[in-house]
Amino acid sequence: MLERGMPMFHVTLRRAGPEFDPALELGEQTLFAEHAAYMDLLVEQGTIVLGGLLPNLRTAHAMEADSEEEIRAIWARDPWIDSHLILESVEPWDIKLDSR
């Protein structure tokens, strides 16, 4: 039986905000240092369990939080939200396999 702590959510974002320039590398985007620092903080806190890039300018994250509302509040504080990233979905994720 898998022991669970906080609920897990699958979060999908799209790199398509009005300030995101697909011609530039991620590190060359405006506010990249601020966004990266925020992402590092979420990883250090254990909120983001894993995350990465998907095809078609999308990203996916496995995140732990008490609720979907908390996940949305966390993303609302990201310097890139709505300017570089658009939050597409936040879905509860019932994890059955976990090697942590």
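Modeller: Happy to! One term first: a residue counts as buried under 20% relative accessible area, as exposed over 50%, and as partly exposed in between. Please keep in mind that this is a predicted model. By that scale Asp94, at 48% relative accessibility, is partly exposed. Its salt-bridge partner is Lys96, with the closest N and O atoms 2.9 Å apart. Lys96 is exposed, since its relative accessible area is 58%.

That pair is one of four salt bridges found in a search of the whole structure. Another joins Glu88 and Arg58, whose closest N and O atoms are 3.4 Å apart. Because Glu88 belongs to strand β4 (residues 86-92) and Arg58 to strand β3 (residues 58-64), this pair ties together parts that are 30 residues apart in sequence. Glu88 is partly exposed at 37% relative accessibility, and Arg58 is partly exposed too, with a relative accessible area of 29%.

Now for a pair within a helix. Glu68 forms a salt bridge with Arg72, and their closest N and O atoms lie 2.9 Å apart. Both residues are in helix α2 (residues 68-76), where they are four residues apart, about one turn of the helix. Glu68 is partly exposed at 29% relative accessibility, while Arg72 is partly exposed with a relative accessible area of 39%.

Note on methods:
Residues numbered from 1 in each chain as written. Predicted model: local features only at pLDDT ≥ 70, side-chain atom pairs only at ≥ 80, totals over all residues. Heavy atoms only, no water. Salt bridge = Lys/Arg side-chain N within 4 Å of Asp/Glu carboxyl O. Helix = DSSP H or I, 4+ residues; strand = E, 2+ residues; numbered from the N terminus. Buried < 20%, exposed > 50% of the residue type's maximum accessible area, 1.4 Å probe, protein only.
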